[in-house]
Amino acid sequence: MKLAVIGGTGCQRLTGIGTRWRPAADSADTPYGAASAIPQVSPTDSGEVFLLARHGYPPAKAPHLINYRANIWLLKELGVDAVVATYAVGAIAPHLHNADLVVPHQIIDYTWGRRHTYVETGEIRHVEFSEPFDGGIRAGLISAADQCDLGSTLHERAVYGCVQGPRLETAAEIDRMERDGCTVVGMTAMPETALARELGIPYAGLCLVVNAAAGRGEGPITEAEIEVALEQATADVERLLVAFLPLNT
Ligand code: HPA
């Protein structure tokens, strides 16, 4: 099995999940333009694990400028069977705390102007997207959590509200998102999740909670708060994926 990890903020180089990394391609070019980076690949007992840095390596691409179509296309060309994507998020629901991990089950898309589909000319397709994330991969991530010693909590459900960024939200925007049913807010799950569905690649996400969303914490959101949570959560992501991979590759 070939499993790809799309590494979001803080997870550009999860070197601990593989042992012998090498570039998986000569170039990042695709018919849709250049992917964020050339994916790295490492062998596993029964396949390979790929790592694609969503924001590039070193990270330099803002969420609204990422070429999501090229990223997913390149993974498809490499023969990837499944994707686990990580995203840094802000917590809207009060039961979520900094450095927690969350396996989202639903999405609401608030982004605009992103190249969000492969359906342009020729056959017009409307992919089924009622359940945006793959149930099998979600279950695998949740059961892997029982087999490793995580520093913080893994939550089994969240509604991910995907915003355009790169600015953070106003408190009123977060209030509206909460009324909509969102429990976490981030900038990168869409259109990535839908593009994977269009190409038929099973895909699930893993959120790293790095701050309380706007108006939900003690004061303004600070870089310092985010950095501390990101470092702790990234260590947990690596632990979780080390447990998950042997079960699934
Ligand atoms: N809002 C949007 N995206 C984010 C946040 C946030 O508070 N934290 C991390 N990514």
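**Entry 1**

I began with Gly90, where a backbone N or O atom lies 3.3 Å from a nitrogen atom of the ligand. I noted that the model is predicted. Next I looked up Ala88, which has a polar backbone atom 3.3 Å from a ligand nitrogen. I then turned to Glu169, where an N or O atom of the side chain is 2.7 Å from a nitrogen atom of the ligand. I also looked up the ligand's area: alone it exposes 260 Å², and the protein buries 92% of that.

**Entry 2: the shell**

I listed the residues around the ligand: Ala88, Val89, Gly90, Leu168, Glu169, Val185, Gly186, Met187, Val210 and Asn211. I sorted this shell by class and got six nonpolar, three polar and one charged residues. Which element gives the most to the shell around the ligand? I found that β7 does, with three residues.

**Entry 3: the pocket**

I checked where the ligand sits, and its space is the largest pocket. The elements giving two or more residues to the ligand's shell are β7 (82-91), β12 (184-186) and β13 (203-212). For the largest pocket I noted a volume of about 510 Å³. I found 26 residues lining the largest pocket, and those closest to its centre are Thr9, Ala88, Leu168, Met187 and Ile226. For this lining, the elements that give two or more residues are β7, β12, β13 and α5 (223-248). By class, I recorded 14 nonpolar, eight polar and four charged residues in the lining of the largest pocket.

Technical notes: Residues numbered from 1 in each chain as written. Predicted model: local features only at pLDDT ≥ 70, side-chain atom pairs only at ≥ 80, totals over all residues. Heavy atoms only, no water. Near = heavy atom within 4 Å. Polar contact = N/O pair within 3.5 Å; in protein donor to acceptor, adjacent residues only side chain to side chain. Areas by Shrake-Rupley, 256 points an atom, 1.4 Å probe, with all protein chains shown as cover. 1 Å grid on protein atoms, 1.4 Å probe; cavity = no way out; pocket = protein on both sides within 12 Å on 5 of 7 lines; lining within 4 Å. Sits in = over half its atoms within 2 Å of the grid points. Helix = DSSP H or I, 4+ residues; strand = E, 2+ residues; numbered from the N terminus. Nonpolar A, V, L, I, M, F, W, Y, C, P; charged D, E, K, R; others polar. Points joined across faces, edges and corners; volume = space filled by probe spheres on them.
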